[in-house]
2 protein chains.
Amino acid sequence: FQDYHGLPAFKNEMVEFLSALRGKKVKFDPNNLVLTAGSTSANESLVFCLAQPGDAFLLPTPYYPGFDRDLKWRTGAEIVPIHCSSSNNFRITPCALQEAYERAQKLGLNPKAVLITNPSNPLGTTMQRDELNQLLDFAIAKTLHIVSDEIYSGTVFTSPEFISITEALQDRNLKDTEMWDRVHIVYSLSKDLGLPGFRVGMVYSSNQMVVAGATKMSSFGLISSQTQYLLSRMLGDRDFTERYVEENRRRLRERKEMMVSGLRSAGIGCLESNAGLFCWVDMRHLLGSDTFEAEKEVWVEIVREVRVNISPGASCHCSEPGWFSVCFA
Amino acid sequence: FQDYHGLPAFKNEMVEFLSALRGKKVKFDPNNLVLTAGSTSANESLVFCLAQPGDAFLLPTPYYPGFDRDLKWRTGAEIVPIHCSSSNNFRITPCALQEAYERAQKLGLNPKAVLITNPSNPLGTTMQRDELNQLLDFAIAKTLHIVSDEIYSGTVFTSPEFISITEALQDRNLKDTEMWDRVHIVYSLSKDLGLPGFRVGMVYSSNQMVVAGATKMSSFGLISSQTQYLLSRMLGDRDFTERYVEENRRRLRERKEMMVSGLRSAGIGCLESNAGLFCWVDMRHLLGSDTFEAEKEVWVEIVREVRVNISPGASCHCSEPGWFSVCFA
C-alpha cells in the first residue's frame, strides 16, 4: 500500500505536463493534485466536497449530457443551467450568470459553484480572456466556487490560444486570495493523450480542505499502479508527449476542416471552434418548426437515412432547437 | 470506448477464477459481474443501490474500520452493529441478529441488509454452514439483502473449508427464489492475488436492478484496460494462479503459526482462525480494567515500546475491550 493515493513519480510528471500544456505560464504543485479513476469521478468528488443536497451548480448550456449523472445522481446536488445563446456564439455573459443565479434561488436552491468546460464540450471553443474575467468577477461577488473542467486543453488546434482559469487568476493578481482557494480544476488523460481506457483523471486545487476531502474520496476510484508506472515513463519523455500533442492537434484540425467544408457544401454551418473532438452544428434551417420535437425528427431522420448517431442539442440542454453535436475524431 | 464497462476476456477469466476458489461448486455468469476500481467502491455502490438515507446496514462486530467510510460517508445510510461476543468465538447468532434489527428500528432506521465479511476481517475465520443458514433464515424472514464481502476467500489456509453464501443458497435450493436476488457478493484481487495497487474490485449479483445500477455507477471507478489485459492473461494461466493461491495459503499458514506460537509463549492467546492476513488477539488479561480506555493504554504502550501499530478492537467496533487485530503478512 505504499503511495496509496498515487506514485510521486507519476504526480511529478503529471504537473509538468499540465504546465507544459499551458505554455508554462502556470506552475502546479504535486501536493495539490488528487488522482481519480477518470474525470467522471473527479467531477463527482468535487460536488461531494463542495455541495450539500439542495445546493446548486450553475452550468452554461449547452453542456456535456453526462454531467446530469456525474454531478447530481449520487450527491443530491442540483444543476441550474446558465442559458447561453447563439446570438453571441454561446458565450457566457454576466447577465446570463445573474439570471441563472436568481433562478436557482427562486427554486429554493443555494448556488454554490459555476462549472465550466474549457475548452467547451460540446462547443469546441475556448473561453476568451474577458469571459473568464467576467466569470471571476461574478464568482467573487457571489462567493461562488469555480470548477474548470479542462480535459480538452491539449486539443486546441488553432487560435485563439487556450487560457486556463489559473492563468486568468494569476494575471488578475488573485493568487493566494480567497477566490484562488475557490477554483478547482478537473483534468484527464483520456482526450489529450487518447487514453480513455486507462482511467486517469484528477482534481487540482489549492484549497486544502478540497484536497483532503477529494483524496479521501479517491479511495473509491484510484488509478492502477501498473498504469501509473507506465505513464510516468511516458510523460517523462517530454519530447514524445510534445510531439504527440502537436501531431494530435494537427490531425484534429485537418479532420475538423474536412468535416466543416463537407457540411458547408451541403449548406450546413458550424459554430466557429478551435478545440475538442466535435463541432457544434447548426441545422436550424432543416427543422420543420422551431421546436425540440422538430429537432428530434431531424435526428431520427439522420440516424435512419445517414446512419450516423449525432447528439441533438436537447441532450446537452441547449435552449435553442436545431443544434447538434457531431464528433469528427 | 469499446468494452467500456470491462473487457469480456477479463470478465470470463474472472468468473472462472471465482468458481475455482469455491471448489467449482458454484458457477458465475460474466453478465452478472460488475467491475469496480477496488472493493471499496464495490461496497459503496451496493449501498447506493440498495439503501436510501435512513436505511441501515447491519454488520457483525468486530468489523473492518474502513466500512464506516465506505458504507456511510457519501450514501447517508447507517451502520447498526450486530454485537458478537467472545463467549461463542464471535459467531453470528439469530439472537444477535434479532437484537440488532430491533435496535435499528428503535433508532428510527429501516434495516435493509446484513453485510458480512466471509472470511471475516478482522477475525480471520470463515462462516460455518449453520451460521450461514441462520443468516439466510433471518434475511428471508425479514426480507433483507445480504452483502457478502468475500475478498479473503482465496486465503483460507486450513480447515474448515470456505463456504460461500452462494453455495449455502444453492444447497438450500434457494436458487432463483427472491432471496437469491437479494444476495450480492463483493470481491477483489487485492488480497488473494496480492494486487492492491491494481485496483480490481467487483460486485457479483443475480439481481438485474443491482447489476444495472452498479454498472452505471462503475463509471465513477473503472479498472484500467491495461491492467485488465494483463490480468486476463494471468488468470488465463490456470496452472499459475492455482499454484500462486496454494503457495500463498501455505505461507500464510506458516506465518500465522509462527505468530501464534510466539504470542503463546508470551502468554497471549488468539482466536482460532483459518484465513486472512491477521489474527484476532486476546489481550484482555493485560488491561488494567475492563474498559476501552484501558485498551487504548495497552495500545499506546505497544506502539511506544514494541513500535508495532496494531489495531485496537474499539476501532473495529468490538463490544468487548482487550482484543486487537494483528497483521502477520
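Predicted model: local features only at pLDDT ≥ 70, side-chain atom pairs only at ≥ 80, totals over all residues.
**View 1. Where the two domains of chain A touch.** Here we turn to the contact itself, to which domain 1 of chain A gives 27 residues and domain 2 of chain A gives 19 residues. Together the two domains bury about 1800 Å² between them, with 61% of that area on carbon and sulfur atoms.

**View 2. Polar contacts and residue types between the domains.** If you search for salt bridges between domain 1 and domain 2 of chain A, the count is 0. Polar contacts do link the two domains, with 12 residue pairs counted where both residues have pLDDT 80 or more. On the side of domain 1 that touches domain 2, the residues comprise 12 nonpolar, 13 polar and 2 charged.

**View 3. Chain A as a whole.** Stepping back, you can trace 10 helices and 11 strands in chain A. Its radius of gyration is 20 Å, close to the 20 Å given by the globule rule for 329 residues, so chain A is as compact as a globular protein of that length. The C-alpha trace of chain A spans about 60 × 50 × 35 Å along its principal axes.

Note on methods
Residues numbered from 1 in each chain as written. Chains lettered and ligands numbered in written order. Heavy atoms only, no water. Contact = heavy atoms within 4.5 Å. Buried area = accessible area lost by both parts, 1.4 Å probe. Salt bridge = Lys/Arg side-chain N within 4 Å of Asp/Glu carboxyl O. Polar contact = N/O pair within 3.5 Å; in protein donor to acceptor, adjacent residues only side chain to side chain. Nonpolar A, V, L, I, M, F, W, Y, C, P; charged D, E, K, R; others polar. Helix = DSSP H or I, 4+ residues; strand = E, 2+ residues; numbered from the N terminus. Rg over C-alpha atoms; globule rule 2.2 N^0.38 Å.
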